Amino acid sequence: MAPNARLDHRNPLVFDTHELGRRPGALQRLSRTVNAPKDLGLQDVVGVPEGAPVELELRLESVMEGVLVTGTARAQAEGECVRCLEPLQLDVEAEFQEMFSYPDADERGRVTAEPDVDAEDDEDRLFLEDGMFDLEPVLRDAVVLALPMQPVCQDDCQGLCSECGARLTDDPDHHHDAVDIRWAALQGLAGSLEDGEKDEMSGADAEAGVDEKQEK
């Protein structure tokens with residue numbers, strides 16, 4: 001990826017490497033807690049809420065071609081169980097390693113008079129800008145890979161009843177009496193016949209009552 005617009009040093013996800021220097025082998029360790037950027041996770045599935053704290057542990061190493069950044073991010077994600085649809089929270093720990101290249105170094109690490117245009121156009125590369133780098137795209141990719149594609153509230157979640165929607169984990173004995181569909185139509189017909197017989201009997205009783213009154 002080519003150098004982007006000027007980075008803002010006030011952005012908590014932008015890091016300055018000037019103190020590290022460009023001497024190969026130089027190391028720097030950093031710890032920082034930042035607010036989660038927007039859309040940090042899998043959209044509509046699970047993710048770290050915007051503004052939630054993200055703890056970062058970074059190791060910066062100066063190498064010939066740039067700065068190698070190795071780190072770990074820890075945060076709490078929120079989502080919805082794919083089985084029972086209940087809200088859930090889970091701890092996420094994402095590890096990452098990324099090279100941020102010097103704009104004035106070629107792919108072999110040699111300093112050149114002018115930046116390699118082809119290297120700048122390579123979308124797979126990240127570059128330092130004025131000695132700074134933006135960790136957000138690296139953090140975003142790492143967190144997405146660390147999150148489950150199908151989060152569950154617990155490993156043995158039984159999901160929902162397909163007939164009434166009850167949460168089965170709360171009621172392990174929950175069940176519905178099974179009805180053989182081959183008999184369902186006959187049961188309905190039997191019920192209709194019984195209702196018809198009752199109506200006929202009611203009509204007969206009414207007629208008998210009228211006849212008794214007429215005889216009197």
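A: Happy to! A residue is called buried when its relative accessible area is under 20%, exposed when that area is over 50%, and partly exposed in between, using a 1.4 Å probe and protein chains only. Please keep in mind that this is a predicted model, where local features need pLDDT of at least 70 and side-chain atom pairs count only at pLDDT 80 or more, while totals for chains, interfaces and linings use all residues. Residues are numbered from 1 along each chain as its sequence is written, and side-chain values use heavy atoms, with hydrogens and water left out.

Let's start in the helix. Glu-136 has a relative accessible area of 23%, which makes this residue partly exposed. Its partner is Arg-140, and the two form a salt bridge (a side-chain nitrogen of Lys or Arg within 4 Å of a carboxyl oxygen of Asp or Glu). The closest N and O atoms of this pair are 2.6 Å apart. Arg-140 is partly exposed too, at 22% relative accessibility. Both residues belong to helix α2 (residues 136-146), where they are 4 residues apart, about one turn of the helix. Helices here are DSSP runs of H or I with at least four residues, strands are runs of E with at least two, and both are numbered from the N terminus.

The structure has 5 salt bridges in total. Another of them joins Glu-93 to Arg-74, with 3.1 Å from N to O. This one connects distant parts of the chain: Glu-93 sits in strand β7 (residues 87-101) and Arg-74 in strand β6 (residues 66-80), 19 residues apart. Glu-93 is partly exposed at 45%, and Arg-74 is partly exposed at 35%.

A further salt bridge pairs Arg-10 with Asp-8, whose closest N and O atoms lie 3.0 Å from each other. Arg-10 is exposed, with a relative accessible area of 66%, whereas Asp-8 is partly exposed at 33%.

Finally, the cysteines. There are 0 disulfides in the structure, a disulfide being a pair of cysteine sulfur atoms within 2.5 Å. The cysteine sulfur closest to that of Cys-81 belongs to Cys-84, and because the distance is 3.7 Å, they are too far apart for a bond. Cys-84 likewise is in no disulfide, with the sulfur of Cys-81 as its nearest cysteine sulfur. Cys-81 counts as buried at 0% relative accessibility, and Cys-84 counts as buried at 3%.
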